[in-house]
Each structure stands twice: as structure tokens, then as C-alpha cells.
Amino acid sequence: MLSMKSLEIELNGQPYRLAAGQSLDDLVRALGVGQQAVALAVNREVVPRQQWAGRALLPRDRVDIVRAIGGG
């Protein structure tokens, strides 16, 4: 059986393992938050939604997902 390569990132402060070669878009879909109002930052830099598909995740990337909350 072939082993799939994986990598570890930090997701909202916790270790998270995923398959190598995944993009931010793949990550949010896997987490089920792709259709929600969320913002993503990688290594403390906000990545615009239109760039998620092209932003490959690298070992030890620090990803923060922030959900928009309405209120007043």
C-alpha cells in the first residue's frame, strides 16, 4: 500500500495534520467552513478569499480561521 505524504500545520493554535499539497481552499472545505463568512491568515498575514485555491500549505504554517460574527 502506498503511503500518502502528510504535513503538520498549526490551526488556530493547535497541531493539525493534513495531506501534503493541500491549499487553503482544500482546508476550509475539509473543515466545512468554506461557505461561511470566514477570514484566513497564514503566518499572521491575511489571505484574500480569491487566493485560497492557489495558496499551498507548507509544513509549520500557522493558519488562523476567524469567523465573522454580527452584532452591535
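Which residue takes a positive phi in the hairpin of E1 and E2? In this predicted model, that residue is Asn12, whose phi is near 50° and which belongs to a hairpin with two residues between its strands.

**The hairpin of E1 and E2**
- Strand E1 covers residues 6-11 and strand E2 covers residues 14-19, and the two run antiparallel, joined by six bridges.
- Within this pairing, Glu8 has Arg17 of E2 standing opposite.
- Two residues lie between the strands of the hairpin, where the positive phi of Asn12 is found.

**Overall dimensions and packing**
- Taken along the principal axes, the box filled by the C-alpha atoms of the chain is roughly 55 × 20 × 20 Å.
- Of the 72 residues in the chain, 31% are buried.
- When contacts between residues at least 6 apart in sequence are considered, 49% of them join residues that are at least 24 apart.

**Surface and charge**
- The chain exposes about 5,200 Å², and 52% of this area is supplied by carbon and sulfur atoms.
- Its side chains include 9 that are positive and 7 that are negative, with the centres of the two sets lying 2 Å apart.

Key. Residues are numbered from 1 along each chain as its sequence is written. This is a predicted model: local features need pLDDT of at least 70, side-chain atom pairs count only at pLDDT 80 or more; totals for chains, interfaces and linings use all residues. Side-chain values use heavy atoms; hydrogens and water are left out. Two strands pair if DSSP finds at least two bridges between them. Helices (H or I, at least four residues) and strands (E, at least two) are DSSP runs, numbered from the N terminus. Buried means under 20% relative accessible area, exposed over 50%, partly exposed in between (1.4 Å probe, protein chains only). Contact means heavy atoms within 4.5 Å. Accessible areas come from the Shrake-Rupley method with a 1.4 Å probe; for residues, only the protein chains shown count as cover. Lys and Arg count as positive and Asp and Glu as negative; His and the chain ends are not counted. The place of a charge is taken as NZ of Lys, CZ of Arg, CG of Asp or CD of Glu.
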